[in-house]
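Me: Could you walk me through this model, starting with the overall layout and then going into the rings and the helix packing?

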Amino acid sequence: TISCGKKENNTSESAPNEQPNEISAVPEAAAAAQDSTGTADSPAAEANTASFSTKGIIGAYLKLQDALARDDAKGAAGAGKTLLNEFNKIDPKTVQDKKRADYLDIVADAKEHAEHISHNVSDIAHQREHMAILSKDMSDLVTAFGSETRLYQAHCPMYNEGKGAVWLSAGRDIRNPYYGEEMLSCGSIKKEF
């Protein structure tokens, strides 16, 4: 069991006996090569996926996650703006045709939440509400399109009146963005990408 009812200063705790479900993300170019239609191996299909990368998006999201874990609403607002800019840099035409509709659906929602976070510099609770939904979108994005770096999906069972929420992190250390210093180590690793 994991107790999240009190403040913890040790940021590297996770559930002691819990093993994450290992999920190996397939990079987008490799996913295209595995397309069952066989068209992904054509030069046109390779060009279609070659320039799409989640790297900038993930980097901006991780800065947002870190700012909220540090209770830094101003930093979170700045990171939210950077994340929105990273989403806007991506030309949807660079996303594989068969996955483009999924990408557009995920990103439309994620951009809305990044924008809310960027505009609410004085309300960290509101930023955290949007972070919970944004984190679900980011998990969907990484599941569908992969990541160039190893990521972990953590889960806080206490957030949202016990309904819980997930977030992505670059390391296994639990640094909860929903409670910050109040309960920084609340949560456990659930997946590895």
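**Overall layout**

Reply: The protein has six helices and four strands, where helices (H or I, at least four residues) and strands (E, at least two) are DSSP runs numbered from the N terminus. This is a predicted model, in which local features need pLDDT of at least 70 and side-chain atom pairs count only at pLDDT 80 or more, while totals for chains, interfaces and linings use all residues. Residues are numbered from 1 along each chain as its sequence is written, and side-chain values use heavy atoms, with hydrogens and water left out.

Me: In what order do the elements run from the N terminus?

Reply: The order is β-α-α-α-α-α-α-β-β-β.

Me: And how much of the protein is buried?

Reply: Of the 193 residues, 45% are buried, meaning under 20% relative accessible area, with exposed being over 50% and partly exposed in between (1.4 Å probe, protein chains only). As for contacts between residues at least 6 apart in sequence, 69% join residues at least 24 apart, a contact being heavy atoms within 4.5 Å.

Me: On to the rings: how many aromatic pairs does a search of the whole structure find?

Reply: The search finds four aromatic pairs, counting rings of Phe, Tyr and Trp (its six-membered ring) whose centres lie within 6.5 Å, with planes under 30 degrees apart taken as stacked, over 60 as edge-to-face and the rest as tilted. One of them is the edge-to-face pair of Tyr 159 and Tyr 179, at 6.1 Å centre to centre and with 75 degrees between the planes. That pair links distant parts of the chain, 20 residues apart, since Tyr 159 is in the loop between strand S2 (152-156) and strand S3 (165-169) and Tyr 179 is in the loop between S3 and strand S4 (188-192).

Me: Are those two tyrosines buried or exposed?

Reply: Tyr 159 counts as buried at 12% relative accessibility, and Tyr 179 is buried as well, at 16%.

Me: What about Trp 167 and Tyr 178?

Reply: Their ring centres are 5.9 Å apart and their planes are at 75 degrees, so this pair is edge-to-face. Trp 167 lies in strand S3 and Tyr 178 in the loop between S3 and S4, so the pair ties together parts 11 residues apart in sequence. Both Trp 167 and Tyr 178 are buried, and ring pairs link Tyr 159, Trp 167, Tyr 178 and Tyr 179 into a cluster.

Me: Which charged end sits over the ring of Phe 145?

Reply: It is that of Lys 99, 5.4 Å from the ring centre; the criterion is NZ of Lys or CZ of Arg within 6 Å of the ring centre and within 35 degrees of the ring normal.

Me: Switching to helices, how do H4 and H6 pack?

Reply: Helix H4 (residues 73-89) and helix H6 (residues 124-145) pack at an angle of about 35 degrees, with their axes 12 Å apart. The axes are lines fitted to C-alpha atoms, for helices over the stretch in contact, and angles run from 0 to 180 degrees between N-to-C directions.

Me: Which residues make that contact?

Reply: On H4 they are Ala 73, Ala 76, Ala 77, Leu 83 and Phe 87, and on H6 they are Ile 124, Gln 127, Leu 134, Met 138 and Leu 141.
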